[in-house]
Amino acid sequence: MITQGDTREDAVIEAVDAIATMIDGEDYPKPMDPSSWRLKSNESIVYISVDMKQWYLEKEKRLKTKTVKRTITIPEYLDNLARERKVNVSGLVRKALEKELI
């Protein structure tokens, strides 16, 4: 597997996605001991951790952009305050759910 990025940080982000894509639904590959690897002067070893749960959530979030209508019940005074202050209740609920669930 090969991946790259314009910066070291970009390369790590791309590596996480590449590794997760590679092992999605497969058994994890056996760990390798890099102590015997011969590296060129411009090469280095970077350890990448992949949180598959987080990767699936991000993948699902990218793929499922369809919104659904939900009805919620809130106290009238909060509804009045939200209207007065022009608060997007749906957006606020979405952000709160993402913070709580993701």
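Author: Helices are DSSP runs of H or I, at least four residues long, and strands are runs of E, at least two, numbered from the N terminus. This is a predicted model: local features need pLDDT of at least 70, side-chain atom pairs count only at pLDDT 80 or more, and totals for chains, interfaces and linings use all residues. Residues are numbered from 1 along each chain as its sequence is written, and side-chain values use heavy atoms, with hydrogens and water left out.

Reader: Why are E98 and R94 said to be about one helical turn apart?

Author: Both belong to helix α4, residues 89-101. They are 4 residues apart there, so about one turn separates them.

Reader: What makes the pair E98 and R94 a salt bridge?

Author: The term asks for a side-chain nitrogen of Lys or Arg within 4 Å of a carboxyl oxygen of Asp or Glu. Here the N to O distance is 3.3 Å. That falls within 4 Å, so the pair qualifies.

Reader: How many salt bridges does the structure hold?

Author: There are 2. R83 and D79 form one of them, with their closest N and O atoms 3.0 Å apart. These two residues also sit 4 apart, about one turn, in helix α3 (residues 76-84).

Reader: Why is R83 called exposed, and why is D79 called partly exposed?

Author: Buried means under 20% relative accessible area, exposed over 50%, and partly exposed in between (1.4 Å probe, protein chains only). R83 has 60%, so it counts as exposed. D79 has 24%, so it counts as partly exposed.

Reader: What makes a group of residues a nonpolar core?

Author: They must be buried Ala, Val, Leu, Ile, Met, Phe, Trp, Tyr or Cys, joined through side-chain atoms within 4.5 Å. The largest such core has 5 residues: I19, A20, I23, M52 and W55. Two elements, α1 (8-23) and α2 (52-63), each give it two or more residues. The largest share, 3 residues, comes from α1.

Reader: Which residues does M52 touch?

Author: Contact means heavy atoms within 4.5 Å. Leaving out residues up to four places away in sequence, M52 touches A20, I23, D24 and Y28.
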